Amino acid sequence: MEQRIFGIESEFGLSYVPQGLGRLSVEETAAALFKPVLDEWRSTNVFLPNGGRLYLDVGSHPEYATAECATIDELLAQERAGELLFAQLAQQAQEQLRAHHDRPLNGTIYLFKNNVDSAGNSYGSHENYLISRKLEFPILVKQLVPFLVTRQILVGAGKTHPHGGALPGSTDPQATTGIPSYSFSQRADHIWEAASTSTSRTRPLINTRDEPHADASRYRRMHVINGDSNMAEPTVLLKIVSTDLVLRMLEDRFPVTSLELASVPQALRTISHNLTGTAAFETTDGQRYTALSVQRHYLDAARQYITQYGAHHHRIDYALDLWQRTLDAIETGDYSSIDTEIDWAIKKKLLDAYMARSNAAGTPTDYANARIQQLDLAYHDIDLHRGVYHALVRRGAITTILPPDAAQRAMQEPPATRARLRSQFVEAAKNAGEQSTVDWVHLKLNAYPQHTLVFKDPFQTESSELTEVLEMLRRKNPPQPIPPLV
């Protein structure tokens, strides 16, 4: 089966909580967070030695984009590496603020891998899949929409709604039932259309800008921007593998359902706010479907496709099993088979257990309770010692896939893709003190523009041209001898 390249971009929520006097705006907090990056790289938008990209996005959102990955294990490690990098930056910034001689600030910096803030703003998690141009893109987008709209029941991050869920039949996120509730997805209430070139104004399921970061005659990038940010590794695996499978089926014209939704935003909200998976949404021909029925169709088609074309990854059996178990759990209302693997179910179990203890102690508690809201947010705190997700991992309450040291290694090591070439160039230029300009395809030494390298093949891992440039940089900055042991 044809190899695939994929990656994830994650925006993080940023907050500074003061202790005593001294407050910081989100812009000031972002400046403190990125100061070490600016000091080391002279920019707040940098490609790192692991091939990934670290930058400050619009709205003072820290963002990390994984390097291009060819396996799901590489992607899981790369994404977790981004969390570790930002957690380290937050710790450094906090220490610097507290040690400031003129104005010491003893507050705490928080970074959340989620998609909404307390003011109702939303920020994204974007998935990228390198796809072939063999199928007309508008047709591919149209056929992918039903899957993306219903996929949230599998891989949503879960969200509490203190003022109630979306009012049935309404696309207005402010129109609620007034009853505190819990939904599958954080992003579902903030998406407004199927496809668009915009990423923030209209918030579509799919961004259609034609930026393949590869040979444009062969490839296109499927840029999916409606998904939630996930903490649990099995949830990330299921999100990427299931979407990749559906894309492969569509590219190969394998028979799958072709539905045209009457209203994308209405279907998203209807599905998200009904944990039974049986809330019906309409298609343009007047038919009504449920998320459960649509996802079961895709799962059955995926199994038939793999039987015919073969498995594309060694973890495919686990992904299909988790897909099946999640649908069965939703149908029965018994989440015990998935509440260590699927984010929305893990978090719901945590919150429901707290509410049960509180209610048993005579303190009525529901999803509107301040402590429940705090726990919801704390699940997404990326701090290894403070974050609830990481505490649950230490307790064995969450299933992990990566070896213990995989994310640490991925902070420095690139995947076995084009990212390896970028990594070598970035490190060599930095060690030689040379200013460089780097993007996903181009590598340029600013003082030697004639040596600009262009790599349009994301699977390329070796280059004689790069070897020459690296050798030139080594001559400029030869390795230092290792001092003898005393």
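Residues are numbered from 1 along each chain as its sequence is written, and side-chain values use heavy atoms, with hydrogens and water left out. Because the model is predicted, local features need pLDDT of at least 70 and side-chain atom pairs count only at pLDDT 80 or more, while totals for chains, interfaces and linings use all residues.

In an unreviewed UniProt entry, Glu 9, Tyr 55 and Glu 63 are listed under "binding site"; UniProt positions follow the numbering used here, feature names are shortened, and annotations may be inferred rather than shown by experiment. These residues span 55 residues in sequence, yet no two of their C-alpha atoms are more than 10.6 Å apart, so they gather at one spot. Glu 9 lies in strand S1 (residues 6-11), and Tyr 55 in strand S4 (residues 53-57); helices (H or I, at least four residues) and strands (E, at least two) are DSSP runs, numbered from the N terminus. Both are buried, Glu 9 with a relative accessible area of 13% and Tyr 55 with one of 6%. Buried means under 20% relative accessible area, exposed over 50%, and partly exposed in between (1.4 Å probe, protein chains only).

Contacts, defined as heavy atoms within 4.5 Å, connect the listed residues. Not counting residues up to four places away in sequence, Glu 9 touches several residues, among them Tyr 55, Glu 63 and Arg 221. With the same exclusion, the contacts of Tyr 55 include Glu 9, Phe 34 and Glu 63. The side chains of Tyr 55 and Glu 63 also make a polar contact (2.7 Å), that is, a pair of N or O atoms within 3.5 Å; within protein, one must be able to donate a hydrogen and the other to accept it, and residues adjacent in sequence count only if both atoms are side-chain atoms.

Side chains of opposite charge can pair when their charged atoms come close. A salt bridge is a side-chain nitrogen of Lys or Arg within 4 Å of a carboxyl oxygen of Asp or Glu, and the count comes to 31 salt bridges. In one of them, Glu 40 pairs with Lys 430, the closest N and O atoms being 3.0 Å apart. This pair links distant parts of the chain, with Glu 40 in helix H1 (residues 26-41) and Lys 430 in helix H13 (residues 419-431), 390 residues apart. Glu 40 is partly exposed at 47% relative accessibility, as is Lys 430 at 35%.
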